[in-house]
Amino acid sequence: MEPFQYGEINATSILTLSAWTEVFPCVTAGMSARGNYSLHREHDNPAEVVPQRMRLVDVLGFSLEAWTNGVQVHGTRIERVTKDKRGAGSRTHNTAIMDTDGLITDEDDVLLTAFYADCVPLLFWDPDHSA
């Protein structure tokens, strides 16, 4: 059984994780692969990537300045994202948090993002510390 459900919010294609929808109504997983919705910056055309990111953050209720990501290296480094690191990698690959495979924050208005292909992304939520 496929856990992800295809849908649209404000004419933007999204995937939702049906098993989490009731418990975490704000969790949205990426954009649909139905078209050129590339969100990665390293090798893709920035003129195409940034507008796609802007579409997604708009649907999620964030600004592009909140989009924060690291450059994953298949290591064990976890980076704590504070307000001063908010927006790292949002517009250019070389401003991302380098050489890290995990991000954690307890700050408001920080959108943690990750890119993966054959790796399984893991999301952890600490309700005691809102992290």
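A residue counts as partly exposed when its relative accessible area falls between the 20% that limits buried and the 50% above which a residue is exposed. Asp109, at 37% relative accessibility, is therefore partly exposed. The values here come from a predicted model.

Asp109 has a charged partner: its side chain meets that of Arg86 in a salt bridge, with N and O 2.6 Å apart. Arg86 sits in the loop between β5 and β6 and Asp109 in the loop between β6 and β7, so this pair ties together parts that are 23 residues apart in sequence. Arg86, at 27% relative accessibility, is partly exposed too.

The salt bridge count comes to 5. Another of them joins Asp106 to Arg80, whose closest N and O atoms are 3.1 Å apart. Here the loop between β6 (102–104) and β7 (111–113) holds Asp106, while Arg80 belongs to strand β5 (residues 78–80), so the link spans parts 26 residues apart in sequence. Asp106 is partly exposed at 37%, and Arg80 is partly exposed at 45%.

Within it, the side chains of Lys85 and Glu79 meet at 2.1 Å, N to O. Lys85 is partly exposed, with a relative accessible area of 27%, whereas Glu79 is buried at 10%.

Now for the nonpolar side of things. In soluble globular proteins, nonpolar side chains tend to be buried together. The largest nonpolar core in this model has 8 residues, namely Val50, Leu56, Val57, Leu64, Ala66, Trp67, Leu111 and Phe115. Helix α2 (residues 46–60) gives the most to this core, supplying 3 residues.

Notes:
Residues numbered from 1 in each chain as written. Predicted model: local features only at pLDDT ≥ 70, side-chain atom pairs only at ≥ 80, totals over all residues. Heavy atoms only, no water. Core = buried A, V, L, I, M, F, W, Y, C linked by side-chain atoms within 4.5 Å. Buried < 20%, exposed > 50% of the residue type's maximum accessible area, 1.4 Å probe, protein only. Helix = DSSP H or I, 4+ residues; strand = E, 2+ residues; numbered from the N terminus. Salt bridge = Lys/Arg side-chain N within 4 Å of Asp/Glu carboxyl O.
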